Amino acid sequence: MNAGGPGEASALPLSVAIVTLNEEENLPRLLASVRGLAGEIVIIDSGSTDRTEAIAKEAGAVFESAPWEGFVMQKNRALERCTRPWALFLDADEALSPELAASMRALFSDGRAPEGDGFWLNRRTWYLGEWIWHAWYPEWRLRLIRRGAGRWGGMDPHAKLEVAGATKRLEGDLLHYSFRDLQDHLERTIRYSRTMANSYIKAGKGFRWSQLLLSPWVAFFKHLVLKGGWRDGWRGWLISVIRGIDVFAKYAFLLEKERVGSGGAK
């Protein structure tokens, strides 16, 4: 192993699991943030054509290529490849803050297994040149679990880690560098909305006009007012409006699937 990579003497009984596709820009930042913590790094890649594989192997990661089967399936594949007692799931565009890394090390500092089966991390997002402190914050995500105590569920693209046992929160933020720019935000929003509509169809969830007409306004109000997105300035307004677009598009795609995609216009 490389110096500072997984397997070093001070590493925790922890596998870090990552799903990737062309992440040569983000992956080095993530790997640097878990250096010295991860006893193992597991990366499931769905066909990268950039330097993702080379960067992963330079860090001593277990790297596996697998066809894309959706967010839930891919993350569960990563979980199945983990061999350490605990598994930490990170997206390639995330990184541990120094405070969160310290909290994680303190969790294992006495040499005993932590109490509980899962831990929530508070994610803070960098958006268009500033940290977002209201519209998307706090945003608690269950990401650290005792291996064998849970699996990924939910519906694509919003996979959700599910644990039956007791869970707690860790101090420190999980840093999220999600969108390159506004275009990336809008394009990904539409893509994910379409994926969610497809998941609804597979789950047998039908379209209702009330969802299309009312839910986007509820989502907008929640982020702008209830979460205080207005305090993030113009960025908060953009986030809130695009969240409304996200919800509108999801149900509009569902309507299209039902009325057109299921066998002709109605």
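I number residues from 1 along each chain as its sequence is written, and side-chain values use heavy atoms, with hydrogens and water left out. Because the model is predicted, local features need pLDDT of at least 70 and side-chain atom pairs count only at pLDDT 80 or more, while totals for chains, interfaces and linings use all residues.

**Background.** Most residues other than glycine have a negative phi, and most peptide bonds are trans.

**Cis bonds.** I looked up omega from Tyr 137 to Pro 138. That peptide bond is cis, with omega near 0°. Pro 138 sits in the loop between β7 (130–131) and β8 (140–146). Strands here are DSSP runs of E, at least two residues; helices are runs of H or I, at least four residues; both are numbered from the N terminus.

Next I checked Asp 156 and Pro 157. A cis peptide bond joins them, with omega about 5°. I placed Pro 157 in the loop between β9 (150–155) and β10 (158–163).

**Positive phi.** Asn 22 is not a glycine, yet its phi is positive, about 50°. I found Asn 22 in the loop between β1 (14–20) and α1 (27–33). The term covers values between buried (under 20%) and exposed (over 50%), with a 1.4 Å probe and protein chains only.

Leu 128 also has a positive phi, near 50°. I traced Leu 128 to the loop between β6 (118–127) and β7. Leu 128 is partly exposed, with a relative accessible area of 23%.
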